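This report is written for a reader who is meeting the structure for the first time. Please keep the sequence and the 3D view at hand while reading.

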Amino acid sequence: MIATPFALKRARFPGAVSKRLTRVSLGPLLAALLLLPACRASFSSGSKIENWRFAIEEIQGSVQDLYAQKFKELIEKKSGGKIKVTVYPYGSLGTSDQVTEQLHLGAIQFAMASPGHLGKLIPELQLFLLHFIFSEDNRVNEAVLANSHALNQRFAELYAQKGLKLLAFFPEGWQVWTTRKPIHVPDDFAGLKMRVMTSPMLIEAYEAYGANPTPLPYSEVYSALQLEMIDGQVNPVFAIEEMGFYEVTDYLVFANHAQFVTSVASNPRFFAALPPERQAMVRDTVADLNEYIFSVQSEFNSERLKTIERRKPDIQIIRLDEDERERFRRASLKVRDEYVNMVGPTGAAILDELLDEIARAEDRASGPS
Ligand code: 6CS
């Protein structure tokens, strides 16, 4: 395999046994898949059927899974059965970085790629990892993510430069801290080993609060919590429930400091070779999925909080008040400067444009209807 910037040194915990890892056992299909020609055609009753592979970064039943399953249903229907979409849940093809690499190489045609990991390859993407950027009104965020020029046009170019085709961004819910101690102000993070995704900006984001951030792939988080090699982690509620992180934590802390945002991407050579009507079919399908996936994440995040409370009645839920949030917001501001230093003028311009778009979307949302 060629050397690419996707290579990631993974922290390991020898001997760690986790039931979560059995759900996300890594890589068994990987080698076989890479041997298959991309987009293999098969014959059924004399008609040619194209196979499209779609890898996600989450397990079955997750927000990303529902997205990919709906994409599959719509594409298979719209193509009159001439296209078959196979969805690969997290673990079947490896970590997020490995999935991105397979997309880049053309072994798969579609994948989810979250800025929390993809920011290593496209540093500007790390603006999604800055805190207190997005609106507190998630409907505003949904509209901005779907329509933003800063995000959809400017990032399309940056993805293309790295051999990826950006199709869409969508939110998966508020990031929630899970910890073994209460958190109310930045000082409460002092020395806390917080697992973060693997993009470097997240290290800066949590160092700003005095924490000791520890990047790890998703598949290793449960065991690391269980073995107390980390003190906490951060993810939306639906993921905290389905990955079982709540089982090995005492506090869920809601600061509404950041949305978990992901992107849907395709292989550019595959996409460019599609006939125009199929390209349009993919674009229309992705556009149609915005509203659907927003409802899914919203419902999952509220329903699964109830599930967590039912299964673990002694879990402590902390919702930061406005004064507490303001202390975190102030502590986070210097990370915006670090972002600009890290990514340079293109990223700075995208950030400025995005902040302006969010402010205008908030004005529209609060204005007379
Ligand atoms: O924490 C992570 O690494 C993962 N979290 C979610 C909710 N989706 C994918 C991502 O890789």
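The charged end of Lys70 sits over the ring of Tyr292, at 5.2 Å from the ring centre. A charge is said to sit over a ring if NZ of Lys or CZ of Arg is within 6 Å of the ring centre and within 35 degrees of the ring normal. Arg304 provides another case, with its charged end over the ring of Phe300 and 4.3 Å from the centre of that ring.

The model is predicted: local features need pLDDT of at least 70 and side-chain atom pairs count only at pLDDT 80 or more, whereas totals for chains, interfaces and linings use all residues. Residues are numbered from 1 along each chain as its sequence is written, and side-chain values use heavy atoms, with hydrogens and water left out.

## Aromatic pairs

A pair of aromatic rings is described by the distance of the centres and the angle of the planes. Here, rings of Phe, Tyr and Trp (its six-membered ring) pair if their centres lie within 6.5 Å; planes under 30 degrees apart count as stacked, over 60 as edge-to-face and the rest as tilted. The count by this rule is 23 aromatic pairs.

In one of these pairs, the ring centres of Trp177 and Phe189 are 4.9 Å apart and the planes stand at 90°, so the pair is edge-to-face. The pair links distant parts of the chain, 12 residues apart: Trp177 is in strand β5 (residues 165–179), and Phe189 is in the loop between β5 and β6 (193–196). Helices (H or I, at least four residues) and strands (E, at least two) are DSSP runs, numbered from the N terminus. Trp177 has a relative accessible area of 0% and is buried; the terms used are buried for under 20% relative accessible area, exposed for over 50% and partly exposed in between (1.4 Å probe, protein chains only). Phe189 also counts as buried, at 0% relative accessibility.

Phe189 forms an edge-to-face pair with Tyr206 as well, with 5.9 Å from centre to centre and 75° between the planes. Since Phe189 lies in the loop between β5 and β6 and Tyr206 in helix α9 (residues 201–207), the pair ties together parts that are 17 residues apart in sequence. Both Phe189 and Tyr206 are buried.

Elsewhere, ring pairs join Trp52, Phe54, Phe71, Phe110 and Phe270 into a cluster.

## Individual residues

Gln259 is found in strand β9 (residues 251–266) and counts as buried at 3% relative accessibility. The side chain of Gln259 makes a polar contact of 3.2 Å with the side chain of Asn138. A polar contact is a pair of N or O atoms within 3.5 Å; within protein, one must be able to donate a hydrogen and the other to accept it, and residues adjacent in sequence count only if both atoms are side-chain atoms. A polar atom of the Gln259 side chain also lies 3.2 Å from the backbone nitrogen of Gly173.

Most residues other than glycine have a negative phi. Asn256, which is not a glycine, has a positive phi near 45°. Asn256 is placed in strand β9 and counts as partly exposed at 24% relative accessibility. Glu228 has a positive phi of about 60° and lies in the loop between α10 (221–226) and β8 (232–235). At 52% relative accessibility, Glu228 counts as exposed.
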